[in-house]
Amino acid sequence: MKRKGPHPSARSMATYAFDPRLDLNLFRVLDAIHTHGGISGAARALHLTQPAISHSLGRLREVFDDPLFVRQGNRMIATERTRAVIGDVHAHLLGLFGSAAPAPAFSPDKLDIEYRIALRDVLESTALPKLMQHLARHAPRVRLTCRPVARENFEREFAAGSLDLAIDRRIGVGPQVSRLHLADEAVAVVVGKKRFPRDKRRLTPDDYVSARHVVVSHLEGRDPVDSVLAETSLRRRVALRCLHYFSACKVVATTDMVLTMPRAYAGQLSAVLPIRVFDLPIPMSPIQVFMYWHASRDEDRAHRWLREQIQDLARRSGWESPAQRPGQS
């Protein structure tokens, strides 16, 4: 039956919740006397002397303005006031001392949780297949929801609890965001298979600069390639800007245009589209990829376990699938 209004014991406990004369040990004495039926039994259970128990009972009687127990033969019988509060006292003591018990062993296969992750489309293609295979074997009830989140909103969404992890390029973050370097994302150039002779194994800087380019734009500032070219006073001719690498590769496969993109994803797409993958003919450092999360989750066991799985997969495989060597048809 559904109760209407607070339980009488809840009202009684609330009356004394902030009395400065009360402390946790007094509640332990009250519970022990009730459980063991008297002062001597409570003294044995709490490893205290009988005078100490009697003194604590006297303090409790003053606070509650009630005898709390009356003697009948060899036993102490609870009064109506004690019966009204003892259920809450016992339950709260169990909860308090239970919270200090050793944490149960962590078992990934018992996890039943959803993680919300911000991923770029490239990492969805290169990271998710192996990650989901790993989770299916070790944590089959874990669920992932990937969603686009602008980099400048990472910290706000972490704090709001609407985002658990983000994997992206290196960005500036505040002290409330933790980060871990996962991998270095190498860059390659993709061209249509008919763009150059089959025996051509490398692109020259002239080949690259003189070509018409497809650029994938994510509205996140200047493309790193343009920054590198600017340092050498070179510029590329951009004929198309689009939102996704897959569609950009389909354009490259049917035109004379070229595309600069992450090598791992280029290798995957070269297996399904008529494109070739070449080294970038201008010096450019790999793009650092980091994992980000709110610092308050640092010691969260389930969250830390997922971070460790992602880190291990990145270290062992770089999320790359077997692909043709750059420059091969």
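A residue counts as buried when its relative accessible area is under 20%. Tyr-265 has a relative accessible area of 8%, so Tyr-265 is buried. The model discussed here is a predicted one.

## Aromatic pairs

Tyr-265 has an aromatic partner, Tyr-245. Tyr-245 is buried too, because its relative accessibility is 4%. A pair of aromatic rings is described by two things: the distance of the centres and the angle of the planes. The count of aromatic pairs comes to 5. For Tyr-245 and Tyr-265, the centres are 6.4 Å apart and the planes stand at 90°, an edge-to-face arrangement. The pair links distant parts of the chain, 20 residues apart. Tyr-245 belongs to helix H10, residues 245–253. Tyr-265 belongs to helix H11, residues 263–269.

A second pair joins Phe-290 and Tyr-292. Its ring centres lie 6.2 Å apart with the planes at 35°, so this pair is tilted. Phe-290 has a relative accessible area of 6% and is therefore buried. Tyr-292 is at 0% relative accessibility, so Tyr-292 counts as buried as well. Both rings are part of one aromatic cluster, made up of Phe-154, Phe-158, Phe-290 and Tyr-292.

The table sets the two pairs side by side.

| Pair | Centre to centre | Angle between planes | Type |
|---|---|---|---|
| Tyr-245 and Tyr-265 | 6.4 Å | 90° | edge-to-face |
| Phe-290 and Tyr-292 | 6.2 Å | 35° | tilted |

## Charges over rings

Phe-290 also has a charged residue over its face. That residue is Arg-179, at 5.2 Å from the ring centre. Elsewhere, the charged end of Lys-200 sits over the ring of Phe-196. Here the distance to the ring centre is 5.4 Å.

## The sheet

Now the strands. An open sheet is built from 5 strands, in the order E4-E3-E5-E12-E6. Their pairing is mixed. Which strands stand at the edges? They are E4 (143–147) and E6 (177–185). Each has a single partner strand, so one side of each is left without a neighbour in the sheet. From one strand to the next, the twist averages 25°.

E6 and E12 run antiparallel and are joined by 8 bridges. Asp-184 stands opposite Gln-288 in E12.

Helix H6, residues 121–138, lies across this group of strands.

## His-294

Strand E12 spans residues 287–294 and includes His-294. Is His-294 buried or exposed? Its relative accessible area is 15%, so His-294 is buried. The side chain of His-294 makes a polar contact of 2.8 Å with the side chain of Ser-296. Neighbours within four places in sequence set aside, His-294 is in contact with Phe-158, Ala-159 and Gln-176. Phe-158 is also a member of the aromatic cluster.

## Helix H3

Helix H3 covers residues 39–46. Its buried residues include Ile-39, Gly-41, Ala-42, Ala-43 and Leu-46. What covers them? The cover includes helix H2 (24–36), helix H4 (50–64) and strand E2 (75–78). His-47 follows H3 and has a positive phi, near 55°.

Note on methods
Residues numbered from 1 in each chain as written. Predicted model: local features only at pLDDT ≥ 70, side-chain atom pairs only at ≥ 80, totals over all residues. Heavy atoms only, no water. Helix = DSSP H or I, 4+ residues; strand = E, 2+ residues; numbered from the N terminus. Buried < 20%, exposed > 50% of the residue type's maximum accessible area, 1.4 Å probe, protein only. Polar contact = N/O pair within 3.5 Å; in protein donor to acceptor, adjacent residues only side chain to side chain. Contact = heavy atoms within 4.5 Å. Pairing = 2+ DSSP bridges. Axes fitted to C-alpha atoms, helices over the stretch in contact; angles between N-to-C directions. Phe/Tyr/Trp six-rings, centres within 6.5 Å; stacked < 30°, edge-to-face > 60°. Lys NZ or Arg CZ within 6 Å of the ring centre and 35° of its normal.
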